[in-house]
Amino acid sequence: MAVFSFKNKTYSRSMLNGNEAYDPGAMVAIASVTTTAGQASVSFTSIPSTYAALQIWVMGRSNEASTNATDLKIQFNSDTATNYAYHILQGNGSAASAAGGATQSTMYAFRALPGNSSTSGIFGAAVVDVHDYASTSKYKTLRVFSGSDRNAADTTYRVQLSSGLWMSTSAVSSVQLSCDVNFAAGSTFHLFGIKG
Amino acid sequence: MPSTMTPIATTTLSSAASSITFSSIPATYTHLRVVFTGLGDTSGNAGRMTVNSDTGTNYSRTQLLGDGATAYSNASTNSAFIGLTTGNFVTYPWFVNVDIFNYTGSTYKTMLLSFSSDRNGLGDVVRSVNLWRSTSAITSIQLTTSGGNYTAGSTATLFGIKAAS
């Protein structure tokens with residue numbers, strides 16, 4: 001039976017037997033965090049293993065008393081050992097460059113977070129993708145598209161494509177995001193699951 | 001309960017037009033995504049985007065480009081628009097994806113753009129971070145050109161993405 005709300009001018013349909021099944025879609029919002037000033041890190045824990053991939057949308061700013069952009073760090077399962085690696089391709093508004101790092105203690109979105117002396121309201125952004133995060137037979141590969149811009153000629157700000165590697169066959173059950181000098185208030189982190 | 005990623009509107013041009021506009025964007029999502037593929041009808045002109053019909057010099061970007069031979073980077077400050085393509089989009093269509101973060105929030109609006117065109121010998125792959133210096137919620141998006149029209153068949157879709165509360 002369908003119900004029409006004159007107040008909201010919307011239809012709704014009950015999930016009784018006989019009605020078509022409700023389909024929430026392939027992208028599912030799992031959890032969100034908005035930081036307070038000086039918050040050291042953000043953690044998503046108890047991540048269900050039922051999705052094909054994870055995606056995190058970050059809009060962030062560091063608490064560093066500088067206009068310089070700083071790095072977003074990404075770890076899995078609270079692993080702080082040197083089990084990570086990365087490669088990056090980036091542009092700083094002046095030149096394109098590439099770099100990589102092996103045997104790292106974290107993965108990075110370099111210079112994704114404007115410093116807290118930047119004009120109020122300027123935040124950097126990142127989309128972090130991990131496919132097959134729940135695999136127990138493979139290492140985990142991360143893809144990040146990130147950037148920050150403050151309407152100024154400042155080569156600490158950049159747009160970046162990153163790959164990351166976590167050398168563990170454990171399923172990702174938690175994600176830790178941090179930066180060198182803590183997050184500014186209002187940084188947002190949204191975790192989504194993508195169904196296969 | 002709405003889906004997390006919801007198509008809000010799609011426009012496919014039945015005839016050439018100088019712009020595609022998404023208006024009255026509801027404030028019920030967390031992020032927006034604009035996906036466009038299409039052609040221009042005048043060589044040398046490029047695709048552009050503005051929000052809330054703001055044509056003031058309130059946009060800036062940092063960009064990374066590869067043209068099949070060289071990787072390079074540039075930046076633009078105090079611009080009157082967001083660039084979506086280069087001037088080469090008459091014969092080979094561009095694929096454009098714009099992610100707009102926290103579009104209803106009280107901060108400036110940060111966007112991550114990817115736009116690509118391969119022309120069977122030439123081509124461009126571009127990634128940029130863009131900033132709209134306004135604390136207003138985004139209620140409309142305009143896809144325009146630097147001159148000429150988008151051709152018939154050019155299509156754009158606006159998605160809303162709802163995060164967990």
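A strand, as the word is used here, is a DSSP run of E with at least two residues, numbered from the N terminus. Keep in mind that the model is predicted.

Q: Which strand gives the largest share of the lining of the largest cavity?
A: That's S5(B), with three residues. The elements that give two or more residues to this lining are strand S5 (59-66), strand S6 (71-79) and strand S7 (82-83) of chain B.

Q: What makes a residue part of that lining, and which residues qualify?
A: A lining residue has an atom within 4 Å of a cavity point. For the largest cavity, the residues that pass are B:Tyr59, B:Ser60, B:Arg61, B:Ser76, B:Ser79, B:Phe81, B:Ile82, B:Gly83 and B:Asn130.

Q: How do you know where empty space is left?
A: You roll a probe the size of a water molecule over the atoms, and that shows it. To be called a cavity, the space must be one where a 1.4 Å probe fits but cannot get out.

Q: What is the lining of the largest cavity like by class?
A: It has three nonpolar, five polar and one charged residues. Gly counts as polar in this scheme, while Arg counts as charged.

Q: Why is B:Thr50 called buried?
A: Buried means under 20% relative accessible area. B:Thr50 has 7% relative accessibility, so it counts as buried.

Q: Where is B:Thr50 found, and what does it touch?
A: B:Thr50 is in strand S4 (residues 47-51) of chain B. Leaving out residues up to four places away in sequence, B:Thr50 touches B:Tyr59, B:Ala80, B:Phe81, B:Ile141 and B:Gln142. Among these, B:Tyr59 and B:Phe81 also line the largest cavity.

Q: How many helices and strands does chain B have?
A: Zero helices and 12 strands.

Q: What share of contacts in chain B between residues at least 6 apart in sequence join residues at least 24 apart?
A: That share is 74%.

Note on methods: Residues numbered from 1 in each chain as written. Chains lettered and ligands numbered in written order. Predicted model: local features only at pLDDT ≥ 70, side-chain atom pairs only at ≥ 80, totals over all residues. Heavy atoms only, no water. 1 Å grid on protein atoms, 1.4 Å probe; cavity = no way out; pocket = protein on both sides within 12 Å on 5 of 7 lines; lining within 4 Å. Helix = DSSP H or I, 4+ residues; strand = E, 2+ residues; numbered from the N terminus. Contact = heavy atoms within 4.5 Å. Buried < 20%, exposed > 50% of the residue type's maximum accessible area, 1.4 Å probe, protein only.
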